[in-house]
Amino acid sequence: QVQLVESGGGLVQPGGSLRLSCAASRPISTLNMVGWFRQAPGQQRELVAMTSSVGLTNYLDSVKGRFTISRDNAKNTVDLQMNNLEPEDTAVYYCKSVSMISGILSTDWGQGTQVTVSS
C-alpha cells in the first residue's frame, strides 16, 4: 500500500495559479502511474492529468495548456502546476497511484485537497 498526501489547495481568483503536491510514502520512481483527479459537487470524479514511470503524460482536454504534471524525485512528489484557473476548475483534487508491490497491483488514493476558483 502507498500513502499519498496532497497539499497546496486553496482559494484563488480566476486567472490565478496554484501548485498542488502529492507526497508518496514510497519512492515515486517505483510508482507505475500517478494521476491527479478531481471531483466537483454532484459530478463524477474525472482524470485531470497523469504521468507514467516512463515519462508519458496525459491531460484532460479542458486543462491542456494550463496545467502541467511533473515528478520531483528530490522531494518525492508529483506536482500539478495549475495556471489561468477558471471557476470550472473548482473541485476537490485527489492524487492516485498505481504500482506493483510484491507482485500485487496496488491502487491508492490520497485524502484530497480543495481548490476553489472564485472572485
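Two strands pair if DSSP finds at least two bridges between them. In this predicted model, strand S1 (residues 4-7) and strand S3 (residues 18-24) are joined by 4 bridges and run antiparallel.

**Figure 1. Strand S3 between its partners S1 and S8.** Val5 has Ala23 as its bridge partner in S3. On the S8 side, 6 bridges connect S3 to strand S8 (residues 77-82), and these two strands also run antiparallel. The bridge partner of Leu18 in S8 is Met82. Strand S3 is mostly covered, with 5 of its 7 residues buried.

**Figure 2. The open sheet of 4 strands, in the order S1-S3-S8-S7.** The pairing in this sheet is antiparallel. S1 and strand S7 (67-72) each have a single partner strand and stand at the edges, so one side of each is left without a neighbour in the sheet. Neighbouring strands of the sheet are turned against each other by 15° on average, direction ignored. S7 is joined to S8 by 6 bridges in the antiparallel sense. Within S8, Met82 is the bridge partner of Phe67, and Met82 is likewise the partner in S8 of Leu18.

**Figure 3. Strand S4 and its pairing with S5 and S9.** S4 is joined to strand S5 (residues 46-52) by 6 bridges, and the two run antiparallel. S4 is also joined to S9 by 7 bridges, again with the strands running antiparallel. Val34 has a bridge partner in each of these strands: Thr51 in S5 and Ser97 in S9. The hairpin of S4 and S5 has 6 residues between the strands, and in this hairpin Gly42 takes a positive phi near 75°. Of the 7 residues of S4, 6 are buried, so the strand is largely enclosed by the rest of the structure.

**Figure 4. The aromatic pair of Phe37 and Trp109.** A search of the whole structure finds 2 aromatic pairs. In the pair of Phe37 and Trp109, the ring centres are 4.9 Å apart and the planes stand at 65°; the pair is edge-to-face because this angle is over 60 degrees. Phe37 belongs to strand S4 (residues 33-39) and Trp109 to strand S10 (residues 104-109), so the contact ties together parts that are 72 residues apart in sequence. Phe37 has a relative accessibility of 12% and counts as buried, whereas Trp109 is partly exposed, with a relative accessible area of 35%.

**Figure 5. The aromatic pair of Tyr94 and Trp109.** The ring centres of Tyr94 and Trp109 lie 6.4 Å apart and their planes stand at 85°, so this pair is edge-to-face. Tyr94 lies in strand S9 (residues 91-101) and Trp109 in strand S10, so the pair links parts that are 15 residues apart in sequence. At 15% relative accessibility, Tyr94 counts as buried.

Technical notes. Residues are numbered from 1 along each chain as its sequence is written. This is a predicted model: local features need pLDDT of at least 70, side-chain atom pairs count only at pLDDT 80 or more; totals for chains, interfaces and linings use all residues. Side-chain values use heavy atoms; hydrogens and water are left out. Rings of Phe, Tyr and Trp (its six-membered ring) pair if their centres lie within 6.5 Å; planes under 30 degrees apart count as stacked, over 60 as edge-to-face and the rest as tilted. Buried means under 20% relative accessible area, exposed over 50%, partly exposed in between (1.4 Å probe, protein chains only). Axes are lines fitted to C-alpha atoms, for helices over the stretch in contact, and angles run from 0 to 180 degrees between N-to-C directions.
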